[in-house]
Amino acid sequence: VYVVLLVVCCVGTLMLFVLRNRRPEDRSDLLNVNSGDQAGEGPLQAFKRSIQLLKTKEMLLLGVCFAYTGFELTFFSGVYGTCIGNTRAFGDEAKSLIGISGAFIGAGEILGGAAFGLGGKLTNLHGRDPIILLGFLVHMTAFYLIYINLPQSSPITEIVTDASYYPVLIDSNKYLAILCSFLLGLGDSSFNTQVYSILGSMFPEDSAPAFAIFRFLASVGAAAGFFYSKYLLLQWQLLILVVFGVAGTLAFFEVEWKTANASRKGYTQIG
């Protein structure tokens, strides 16, 4: 494991040295706030620029998508493994399945990151929305399968009543649970790669404030997810994910389509 991580770290570091420089025509924001000379900008100015960006319609819409990535991060990184470990139908294998689940989440992340990240030419040709739509469908499929496969009280406790012990529609299946782990990772990679892409293209000169907003709202969503995960049954946690998933996907589409039109007509400054 350590050798693999070391190799991946070294390869990733070397890849940074072969990234091409931005072209002069890429140096203007599609959606800019108080564009001008940013040389010598300090932390206070950067914070003010973040606030200004956050007030724009585009960033408010993207904020819904950012929050969704935080909610689903909490679910697949903390809640889902607990659900699997607390499912008595898996017997003595329940606890060991947590590690396998984590491995398949990572496999989905790696496969999706490689496919969506290296397929930049297809993204430029068809836009980011097909990949976001794919991630949305993958996540909705995973949420439904989790809903019918795992007990309702599995996020909270291992000691359950007869009413909440049994899944909604089918008997708990460990292979289906592991498949859902892979789908959760694959869907997450599609959202994150495209969020990074749209922020980098919209705000090349405001990248630090834009990504700060992204990480802030995602962290708020993750913190909220960890808070309610101790109290809500599985179906209610899945419902929250579905609602934010739908809203975040539609919000991303709105910004993506507006950005595509702006790139064809010339950029528009805000402020």
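This is a predicted model: local features need pLDDT of at least 70, side-chain atom pairs count only at pLDDT 80 or more; totals for chains, interfaces and linings use all residues.
pLDDT is the predictor's confidence in each residue, on a scale from 0 to 100. Across the chain, pLDDT averages 82. The highest confidence is in helix α6, at 94, and the lowest is in strand β2 (residues 268–270), at a mean of 46.

**Confidence**

- A pLDDT of at least 70 is reached by 80% of the residues.
- Residues 32–37 fall below 50, yet this stretch has 16 contacts in the model beyond near neighbours in sequence.
- Residues 159–164 also stay under 50 in pLDDT. The model gives them 6 contacts beyond four places in sequence.

**Overall build**

- The chain holds 10 helices and 2 strands.
- Read from the N terminus, the order of elements is α-β-α-α-α-α-α-α-α-α-α-β.
- Of the 271 residues in the chain, 44% are buried.
- Take the contacts with a separation of 6 or more: 81% of them join residues 24 or more positions apart.
- The accessible surface is about 14500 Å², and carbon and sulfur atoms account for 68% of it.

**The nonpolar core**

- In soluble globular proteins, nonpolar side chains tend to be buried together.
- Here, the largest nonpolar core has 55 residues. The residues with the most contacts inside this core are F66, F75, Y80, I146, L184, L199 and F252.
- Which helices each supply at least two residues of this core? They are α3 (57–85), α4 (94–118), α6 (129–149), α8 (174–202), α9 (207–228) and α10 (234–265).
- Helix α3 gives the largest share, with 13 residues.
- L199 shows what such contacts look like. Beyond its neighbours within four places in sequence, L199 touches M59, L62, F66, P204, A210, F211 and F214.

**Helix α3**

- Helix α3 is mostly covered, with 21 of its 29 residues buried.

**Helix α9**

- The same length check works for α9. Its 22 residues should span 32 Å at 1.5 Å a residue, and its end C-alpha atoms are 32 Å apart, which agrees.
- The buried residues of α9 are P209, A210, I213, F214, L217, A218, G221, A222, G225 and Y228.
- An α-helix has 3.6 residues a turn, so residues three or four places apart point the same way.
- S219 also lies in α9. Buried means under 20% relative accessible area and exposed means over 50%, so S219, at 40%, counts as partly exposed.
- S219 and L73 are 146 residues apart in sequence, but their C-alpha atoms are 9.3 Å apart in space.

**A residue in helix α10**

- L239 lies in helix α10.
- Is L239 buried, exposed or partly exposed? Its relative accessible area is 43%, so L239 is partly exposed.
- L239 and F143 are 96 residues apart in sequence, with 8.8 Å between their C-alpha atoms.

Terms used
Residues are numbered from 1 along each chain as its sequence is written. Side-chain values use heavy atoms; hydrogens and water are left out. Helices (H or I, at least four residues) and strands (E, at least two) are DSSP runs, numbered from the N terminus. Buried means under 20% relative accessible area, exposed over 50%, partly exposed in between (1.4 Å probe, protein chains only). Contact means heavy atoms within 4.5 Å. Accessible areas come from the Shrake-Rupley method with a 1.4 Å probe; for residues, only the protein chains shown count as cover. A nonpolar core is a set of buried Ala, Val, Leu, Ile, Met, Phe, Trp, Tyr and Cys residues joined through side-chain atoms within 4.5 Å. The expected span of a helix is 1.5 Å times one less than its number of residues.
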